Amino acid sequence: MTQTGERRRPAEPGRRPRTERDKRVKRVEGAKARRGRRSIQDRRRITRPVRRKEMRRRWVALLSVLTVIALVYLLWFSSMLGVRQVDVVGANSVPADQIRATAAVPDQKPMLRLDTDEIRDRVAQMPGIATVDVSRSWPGTLEITVTERAAIAFFDSGPGGDGVHLVDGGGVVFKTLKERPAGLPELKLMSVSADDPVTRAVTGVLGVIPQQLLKQVTTATAKTPGSVEFTLADGKTVRWGTSADTERKAKVLAALLTREGKVFDVSAPDLPTVS
C-alpha cells in the first residue's frame with residue numbers, strides 16, 4: 001500500500017537529523033552574517049567621504065600656510081613692492097631734490113620695512129621746513145608732504161657777520177640772504193633764537209597783527225616778552241605790549257593814529273595814550 005504525504009529524506013550516515021530548532025538557529029546565524037557583511041560595506045561607504053573631506057581640509061590648510069608665507073615674503077623681503085618713486089609735495093623755496101637727498105629713502109626697499117618716522121625726522125631738521133608728513137602710496141611710491149617756513153621778519157648780523165637771516169613766526173632762523181629782503185620788518189634784538197622768550201614774543205605779535213598794519217612796520221623790538229614795540233614807516237612808534245587782545249589793540253591803534261603824536265601806547269587798550 002502506497003503512503004501519501006511528504007517523503008522524508010533518509011538520514012546520511014554519521015549525521016544527526018535536523019530539527020526545527022536547528023533550522024531556526026541556522027536562519028538566525030545566516031541573518032547575522034548577512035547583517036555583518038552589510039555593516040562592513042556600509043562602513044566603507046561612510047569612511048570614504050570622511051577620508052576625502054579630511055584630505056581636502058589638509059590641502060586647504062597647507063595652501064593657506066603657503067599663501068601666508070608667500071605674502072610675508074612679498075611684503076617684507078621682496079622688491080616687487082619696494083620703493084620705486086619718492087614724491088615731494090608742498091616744496092617751493094626748498095628744492096625737492098634736496099628734500100629727497102635728506103630723506104635718504106633706500107631704493108626698492110620693501111615699503112612695509114620703511115621707518116616713516118625716521119624719514120620724517122630727517123626732513124624736519126632741514127632749516128626751511130616747518131612740518132613734514134610721510135605716507136605710503138601703494139604699490140611703490142613714498143609721498144613726503146612738507147610745509148615750508150614763512151618769513152615774518154629778518155635780522156642783520158651786522159659788520160663781520162654772516163649776512164641777513166630770515167625768521168619765521170616761531171622765532172626760528174631758517175635762511176640766510178646776502179641782501180635785506182623787501183617788505184619784511186627788521187628785528188632789533190640782542191639775540192634772535194627760537195629758544196629766546198623775547199624773540200618768540202616779538203615774532204608772535206608780528207604774526208597776529210592785521211596784515212595792513214604789518215605792512216607799515218619797519219622795525220620791531222622788545223626788552224621783555226611783555227614790552228613789544230615797533231616802528232612804522234612814517235616814523236611813529238607803537239608800544240604794543242603782549243600778543244593778548246590783538247583785535248582790541250588794532251582797533252584802538254587805528255583810531256589813535258589819526259591824532260598827532262610820535263608814540264602810541266596800546267599795551268593797555270582800555271587806557272591808550274599818545275605822546
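Is Arg248 buried, partly exposed or exposed, and what is its relative accessibility? Arg248 counts as partly exposed because its relative accessibility is 44%. Here, buried means under 20% relative accessible area, exposed means over 50%, and partly exposed lies in between (1.4 Å probe, protein chains only). The model is predicted: local features need pLDDT of at least 70, side-chain atom pairs count only at pLDDT 80 or more, and totals for chains, interfaces and linings use all residues. Residues are numbered from 1 along each chain as its sequence is written, and side-chain values use heavy atoms, with hydrogens and water left out.

The average pLDDT of the chain is 84, and 77% of the residues score at least 70. This score is the predictor's confidence in each residue, from 0 to 100. Residues 1-6 have pLDDT below 50, and this stretch has zero contacts in the model beyond near neighbours in sequence. A contact means heavy atoms within 4.5 Å.

The chain has six helices and 12 strands. Helices (H or I, at least four residues) and strands (E, at least two) are DSSP runs, numbered from the N terminus. Of the 275 residues in the chain, 29% are buried. Among contacts with a separation of 6 or more, 43% are between residues 24 or more positions apart.

The largest nonpolar core has 29 residues. Such a core is a set of buried Ala, Val, Leu, Ile, Met, Phe, Trp, Tyr and Cys residues joined through side-chain atoms within 4.5 Å. Leu187, Val202, Leu206, Ile209, Phe230 and Trp240 have the most contacts inside it. At least two core residues come from each of β4 (151-156), α4 (197-208), α5 (211-214), β8 (217-221), β9 (228-232), β10 (237-241) and α6 (246-256). Helix α4 gives the largest share, five residues. A second, separate core has 18 residues, including Val83, Leu114, Met126 and Val132.

Not counting residues up to four places away in sequence, Leu187 touches Ala153, Phe154, Phe155, Val167, Val192, Val202, Thr203, Leu206 and Ala220. Lys188 is in strand β7 (residues 186-188). Lys188 is partly exposed, with a relative accessible area of 43%. Setting aside residues up to four places away in sequence, Lys188 touches Thr219, Ala220 and Thr221. Lys188 and Lys223 are 35 residues apart in sequence, and their C-alpha atoms are 10.0 Å apart in space.

The second largest pocket has a volume of about 210 Å³. On a 1 Å grid over the protein atoms alone, a pocket is an open set of points where a 1.4 Å probe fits, with protein on both sides within 12 Å along at least five of seven lines; lining residues have an atom within 4 Å of a point. Grid points are joined across faces, edges and corners, and a volume is the space filled by probe spheres set on the points. The lining consists of Ser93, Val94, Pro95, Gln98, Met126, Pro127, Gly128, Ile129, Arg149, Leu166, Phe174 and Lys175. Seven of these residues are nonpolar, three polar and two charged.

Gly128, one of the lining residues, lies in the loop between α3 and β2. Gly128 is buried, with a relative accessible area of 13%. Apart from neighbours within four places in sequence, Gly128 contacts Val94, Glu148, Arg149 and Phe174. Gly128 and Asp168 are 40 residues apart in sequence and 9.5 Å apart in space, C-alpha to C-alpha.

Backbone geometry was also examined. A cis peptide bond joins Trp138 and Pro139, with omega about 10°. Pro139 lies in the loop between β2 (129-137) and β3. Thr141 is in strand β3 (residues 141-148). Thr141 counts as buried, at 16% relative accessibility. Thr141 touches Gln85, Asp87, Met111, Ser135 and Arg136, leaving out residues up to four places away in sequence.

Gln108, a residue other than glycine, has a positive phi near 65°. Gln108 is in the loop between α2 (96-103) and α3 (116-124). Asp245 also has a positive phi, near 55°. Asp245 is in the loop between β10 and α6.

Arg248 is in helix α6. Arg248 touches Pro269 and Asp270, not counting residues up to four places away in sequence. Arg248 and Ala268 are 20 residues apart in sequence and 9.8 Å apart in space, C-alpha to C-alpha.

Technical notes:
Ala, Val, Leu, Ile, Met, Phe, Trp, Tyr, Cys and Pro count as nonpolar, Asp, Glu, Lys and Arg as charged, and the others, Gly among them, as polar.
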